[in-house]
Amino acid sequence: MGDRLFGYTSMYTLVISVYDNIDPRKETLHIIFDLNSNEWHFKYFAVPFKDPEFVRTYPVEIGIDKFDNFLKMTDW
């Protein structure tokens with residue numbers, strides 16, 4: 001797992017990357033927590049100008065575990 005992560009918020013979205021100069025559509029994870037449904041929404045953008053590589057929705061109970069798994073999977 002990487003030693004550092006960079007991020008910023010945009011309205012209700014947390015955007016996370018391993019790059020200090022974040023391009024929101026290149027190697028970034030976008031996370032939204034929906035208070036109404038108690039669900040985490042993850043979108044991973046690997047390549048600019050393409051749809052997200054994956055889009056997942058998780059219940060509140062497993063969102064943090066799925067985030068940890070994502071970090072391991074991408075070797076961030």
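Thr13 touches Tyr8, His30, Ile31 and Ile32, leaving out residues up to four places away in sequence. Contact here means heavy atoms within 4.5 Å. Thr13 sits in strand S2. Thr13 has a relative accessible area of 16%, so it is buried. Buried means under 20% relative accessible area, exposed means over 50%, and partly exposed lies in between (1.4 Å probe, protein chains only).

This is a predicted model, in which local features need pLDDT of at least 70, side-chain atom pairs count only at pLDDT 80 or more, and totals for chains, interfaces and linings use all residues. Residues are numbered from 1 along each chain as its sequence is written, and side-chain values use heavy atoms, with hydrogens and water left out.

**Overall build**

The protein has one helix and five strands. Their order from the N terminus is β-β-β-β-β-α. Helices (H or I, at least four residues) and strands (E, at least two) are DSSP runs, numbered from the N terminus. The C-alpha atoms fill a box of roughly 30 × 25 × 20 Å along the principal axes.

Of the 76 residues, 29% count as buried. The protein exposes about 5,400 Å², and carbon and sulfur atoms supply 52% of this area. Accessible areas come from the Shrake-Rupley method with a 1.4 Å probe; for residues, only the protein chains shown count as cover. Among contacts with a separation of 6 or more, 22% join residues 24 or more positions apart.

**The core**

The largest nonpolar core has 14 residues. A nonpolar core is a set of buried Ala, Val, Leu, Ile, Met, Phe, Trp, Tyr and Cys residues joined through side-chain atoms within 4.5 Å. Leu29, Ile31, Phe42, Tyr44, Phe67, Phe70 and Trp76 touch the most other members. Strand S3 (28–34), strand S4 (39–45), strand S5 (54–59) and helix H1 (63–74) each supply at least two residues of this core.

Beyond four places in sequence, Phe42 touches Leu29, His30, Ile31, Phe54, Val55, Arg56, Tyr58, Gly63, Lys66 and Phe67.

**Phe45 and Pro24**

Phe45 lies in strand S4. Its relative accessible area is 7%, so Phe45 is buried. Phe45 touches Pro24, Arg25, Lys26, Glu27, Thr28, His30, Lys50, Asp51 and Pro52, not counting residues up to four places away in sequence. Phe45 and Val55 are ten residues apart in sequence, with 9.2 Å between their C-alpha atoms.

Pro24 belongs to the loop between S2 and S3. The C-alpha atoms of Pro24 and Tyr8 are separated by 9.7 Å, at 16 residues apart along the chain.

**Loops**

Glu27 is found in the loop between S2 and S3. Its phi is near 50°, a positive value in a residue other than glycine. Asn38 is in the loop between S3 and S4. Phi of Asn38 is near 55°, again positive in a residue other than glycine. Ser37 is also in the loop between S3 and S4. Ser37 and Val47 are ten residues apart along the chain, and their C-alpha atoms are separated by 29 Å.

| Residue | Relative accessible area |
|---|---|
| Glu27 | 24% |
| Pro24 | 31% |
| Ser37 | 35% |
| Asn38 | 38% |

**A surface patch**

Tyr12 lies in the loop between strand S1 (6–10) and strand S2 (13–17). Tyr12 counts as exposed because its relative accessibility is 68%. Met11, Tyr12 and Ile32 form a nonpolar patch on the surface, with about 410 Å² of accessible area together. Patches are made of residues with over 30% relative accessible area and no salt bridge; like charges are joined within 9 Å, nonpolar side chains (Val, Leu, Ile, Met, Phe, Trp, Tyr) within 5 Å. A salt bridge is a side-chain nitrogen of Lys or Arg within 4 Å of a carboxyl oxygen of Asp or Glu. Ile32, part of this patch, is also among the contacts of Thr13.
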